[in-house]
Amino acid sequence: MVLAGIGVLVAAAVAGPETARWVVGFSSDEIHTAFPYAPPGFCDVPDHRQVLDGDRGAFDLLTAGGPPGSSEGIPLGSGRPGDAGPLLARAAAAFRALSMVMARAWQSGGPEGVVPLSEVRDALAGWPAWAGPILDACGPDACPIPALVEASRFLRLTGESLAAMDSDADRTVTRDEFLGAPTARPHLLGSDALGRDALVRLLEGLRLSVLVGATAAVTAAGVGVVYGATAGMAGGPVATVLMRVVDVLYGLPFLFVVILLISLVGPSLLNLLLAIVCVQWLGMARTVHHLVASLRQAPYVVAARSMGCGLVRLCATHILPNARRPILTWTALLVPASIKEEAFLSFLGLGVQAPHASLGTLIAEGSPRIAEVPWLVAWPAAVLFLLVLLVHVACDETGQTDG
Amino acid sequence: MDSRNPCYHPPMFRQAARTLLAMVLTLWAIATGTFFLMERAPGGPASGERRLDPLIEAGNLANLGLADLVRAPCDGVIEAVAGEGARLSSGGEAARIRGPGPCRAEAPHGGEVSVVLAGPGEEVRAGEVLLVVRPSPWVRYGRAMASIMTLDLGVTYGSRGERTVRETLARSLPVSATLGLLALLVAAVLGVPAGLFAAAREGTWSDRLLTAVSTAQVSVPAIVLGPFLLYLFAVRVPVFAPGGLERPSDLVLPAATLGLIVAGVMQRMTRAGAAGFLNGATALHLRARGLSPWRLAGVHALRHAAIPMLGYLPPVVAGLLSGSLVVERVFNLPGVSRHLIGAALNRDYPLVMGVVLLYSVLLVALTSLAALLHPVLDPRLRAGRFREGVRPPEARSGEWWP
C-alpha cells in the first residue's frame, strides 16, 4: 500500500501537468487574472476562450471579408512558427496597426486617452469588413482607448488558442467548433494569486520537487559511494585523512554555509541541486566507508585478494554488490531528506525561482494568506508530508533503518 | 600506559582537551572560510558587480578591516595623488595637498591603492576620503580574524552604515534563543517519556502506535507543521495570535512546531537507547531486587538512553536552528533568521557572516558540550582503562532536520 502510494505520487509528478491540461482544461501558462484566489471547485472558462465568451459575433467578424472560402472556417495554416494561416495573419497585422495607434494615444493621454477617428480608420484601411464594428464603438470624431480595446478583442485570437478548438484536427476551425468551444471547467483545487489553476501548479511543483529530490539523492549517493569506497579500500592513513575531512565537514553548520553560498552565487536550480548534494553526501560516505572497511575483512574478499584480484575489481565485483542493500536503503532515505531540504530552501526563497513552482514555493506563496485561502497551502503541504512520510515508512518496513 | 596499548583510553581531562582543541579548530576553519568567501564574494566588497557608491563601499571595506581610508589632513587643492595600483609603504605619501600650509596625506599602513576618489586639482576639505588602500592579503586576514575574535562584525549594509551587526544580532538573539529553549523543553517533555514508555512496552500495540506517531513527527517538515498549527490554533480556533511577537503566548505555537518535530527524534532515540537495557539482564536483576518499574525506567534506563542521544545532538541542534528559520518566517517573529534570509538575498555580507558565525559557534559549542558530557554520563569512559565496546559519541546522519 505504501509502495502504491509512492507510485501514485511519482506517476502524478511524471505525467501530471501535461495530463492535467487534458483532464481539467487548464495549463500553467494560462493566466486567469479575472479570478485570483478562486475556491476549490470554482468553475471558470480558460483564458483564451474567455476572449470569445459573450462575443459570439467574433466568428462572423473574422471570416467576413476574408479570402474566398474562409466563411466556412478559419484556416489555421501549417501550425509552424510564422505560419498561422492567411486570416489570422491579417488579423494579427490589423491588431498590430491598431496597437501602434493606441500606444501613441496612450503616451499623450494615459489609459483613458482618445484616438482620433481618422487614425483608427487609417490603421484598418486594408480591412473594411473589420473596421465597421470597431468604428461603431467610437464617438463622432475620436475613440476612447477602453472602448477600442473592447471592440477589437476578436482580432486578438491567436493560432494556439484556435488550435485548441480544432476538434477534428483538419486545421480549420468551423463555426460549430468555434461556438461550441467555451465550456467552463472547474478549478478542482482553486486558483492562486495570479488566477492560475492550483491543481496544475501543484502537479508542476510535485514534479520539480521529486525531480530535484531524486537527482540530488542519486548524485549525493554516487559521490558518497565513490568517496566512502575509496577510503574503505585504501585503509590506513589515507582513510583516516579522508574520513577526518568528512568529520570536520560534519561539524560545520552546513545548511548555513549553503545559504551563504547561495547568497554569493545567486539562487538557481543548479545551485540548489549542488547545495543539496553538498549536504547529503557526507552521511553516505561514512556509511559506505564503514561497510567497505568491514567487508574487506570477509573471508571471500581475502580469498579474492589472495588470488590476485585488483583493488578496483575487488571493490566493484565483490564488495559493493554485497553492500548494495544498505546502500540502496540509504539512497532511498536521501530522497525524502533532499525533498525536504529543497522545499526548505525554496520556501525561504533561496531555491526554485518564479515562475517555476516547487512544493516549497507553493507553501511559501500561500502561507501569508492562510487565513483567507487555506486550500492553497493545504494541498502542497499535504502532498509534501505524504511524500516524505511514505518513503520513510517504506524504508522502515524494509527493516534496514533503525531511525 | 600509553596510546599504543589498544585497551588504553585517554583520561577524562585529556579527552576534554582534545574536544576543546577540535572545537577551536572548527571555529577557526569557519572563520577562515568566512573570510575567503567575504573576499571572493561577487557583488561584495571586493568586486564591481552591483556596485555601490564608491564612498559607501570604501566605508564598508574599512569597517571590515579589508581596506584603509586615506583622508585629507587639511583643506586645500590636491597637487598630486597616488595612482590606482600604486604600492605605498606604511606612512608613505598618498597625496600632496596645497592648502594654507603644505600638508601630505599618509597611508596609515602599507598596501596597494585600490580606489582613487579625488584627482589632482580638485579642492578637498579636511577629513574627506581621498584614497582607499588595500593592505596585503595576510594583513587583511589577520585583521579579519582579529575583528571576528573581538566580535566586531562590522556594519550592516542595509542600514547604510548606521547599525552594527552586533547590535542587530543582540536585539534578535533573545527571541531566537527563547524559542529554541522552549522547543527543546517541549521536545524533552513529550519525547523522552514517550520513548521510555515505548521501550518498556516493546512490541505491544502502544509501542507500535507511539513509533508510528514518531515516524510522522520525524517526517513532517517544519514548513508543513508550522502553517498547519497556525491555521488550526490561530485561524479556525483563534486561541493564539496568528503572528508577530507581542505577548509571551505568541511563542507557544512556534515552540510547539519545533518541539513536536524534535520530540519525534528524541522519542526514537530514547526508545532505541532504553529498549536494549530494559530487556537485558541488568534490568531483570534490578527488578528482581525490588526496584520499582518507575525508578528503573526513569533513572536507570534514562541514563542508558542519554548516552546515544548525545551523539544525535548535532543533527538535533542543526534541525532546531534550521527549523527556526522556517518557524520565525511562518510566525513572523523578529528573530535572528529574519536577518539571515533577507541579508542573503540582498547580499548584505557582514550581516550574513554574522548570523552564520553565530549559528556556527552555537552548533559547535553544543556539539563539543555533548562530547564533554559523555564521560560524565558514562562511567565506563571515566574509568579510563577499557574502551572495548565504548565509542565516543559520533555525529550521526543528519536526516532528521525539519
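The questions and answers below concern a predicted model.

Q: How do you know that β3 and β6 of chain B are paired?
A: Two strands pair if at least two bridges are found between them. Strand β3 (residues 87-88) of chain B and strand β6 (residues 111-116) of chain B are joined by 2 bridges. So the pair meets the cut-off of at least two bridges. The two strands run antiparallel. B:R87 stands opposite B:E112 in β6(B).

Q: What makes β6(B) and β8(B) a pair as well?
A: Again the bridges decide. There are 4 bridges between β6(B) and strand β8 (residues 129-134) of chain B, and at least two are needed. Therefore these strands count as paired. The sense is antiparallel. B:E112 has B:R134 as its bridge partner in β8(B).

Q: Which strand does β1(B) join, and how do you know that they pair?
A: β1(B) is joined to β8(B) by 4 bridges. The rule asks for at least two, so this is a pair. The strands run antiparallel. In β8(B), B:V133 stands opposite B:D68.

Q: Why is the side-chain pattern along β1 of chain B called alternating?
A: Strand β1 covers residues 68-71. B:D68 and B:V70 point to one face, while B:L69 and B:R71 point to the other. In a regular strand the side chains alternate between the two faces of the sheet.

Q: Which of these side chains are called buried, and why?
A: B:D68 and B:V70 are buried. Buried means under 20% relative accessible area.

Q: What makes β2 and β4 of chain B partners?
A: Strand β2 (residues 76-81) of chain B and strand β4 (residues 93-98) of chain B share 4 bridges. At least two would do, so they are paired. They run antiparallel. B:I78 has B:I97 as its bridge partner in β4(B).

Q: In what order do the strands of the open sheet in chain B stand?
A: The order is β5-β4-β2-β7, with 4 strands and antiparallel pairing.

Q: Why are β5 and β7 of chain B said to stand at the edges?
A: β5 (102-106) and β7 (123-124) each have a single partner strand, so one side of each is left without a neighbour in the sheet.

Q: What makes the patch with B:F228 nonpolar?
A: Its members are B:F228, B:L232, B:F233, B:V237 and B:V239. B:V239 lies in the loop between α6 (222-236) and α7 (252-278) of chain B.

Q: How many residues of chain B and chain A form the contact between them?
A: Chain B gives 47 residues and chain A gives 40 residues. The area buried between the chains is about 4000 Å². Carbon and sulfur atoms give 76% of that area.

Q: How many salt bridges link the two chains, and what does the count say?
A: The count is 0. A salt bridge needs a side-chain nitrogen of Lys or Arg within 4 Å of a carboxyl oxygen of Asp or Glu. So none between chain B and chain A meets that cut-off.

Conventions. Residues are numbered from 1 along each chain as its sequence is written. Chains are lettered from A and ligands numbered from 1 in the order in which they are written. This is a predicted model: local features need pLDDT of at least 70, side-chain atom pairs count only at pLDDT 80 or more; totals for chains, interfaces and linings use all residues. Side-chain values use heavy atoms; hydrogens and water are left out. Patches are made of residues with over 30% relative accessible area and no salt bridge: like charges are joined within 9 Å, nonpolar side chains (Val, Leu, Ile, Met, Phe, Trp, Tyr) within 5 Å. Accessible areas come from the Shrake-Rupley method with a 1.4 Å probe; for residues, only the protein chains shown count as cover. Contact means heavy atoms within 4.5 Å. Buried area is the accessible area (1.4 Å probe) that two parts lose on being put together, summed over both. Buried means under 20% relative accessible area, exposed over 50%, partly exposed in between (1.4 Å probe, protein chains only).
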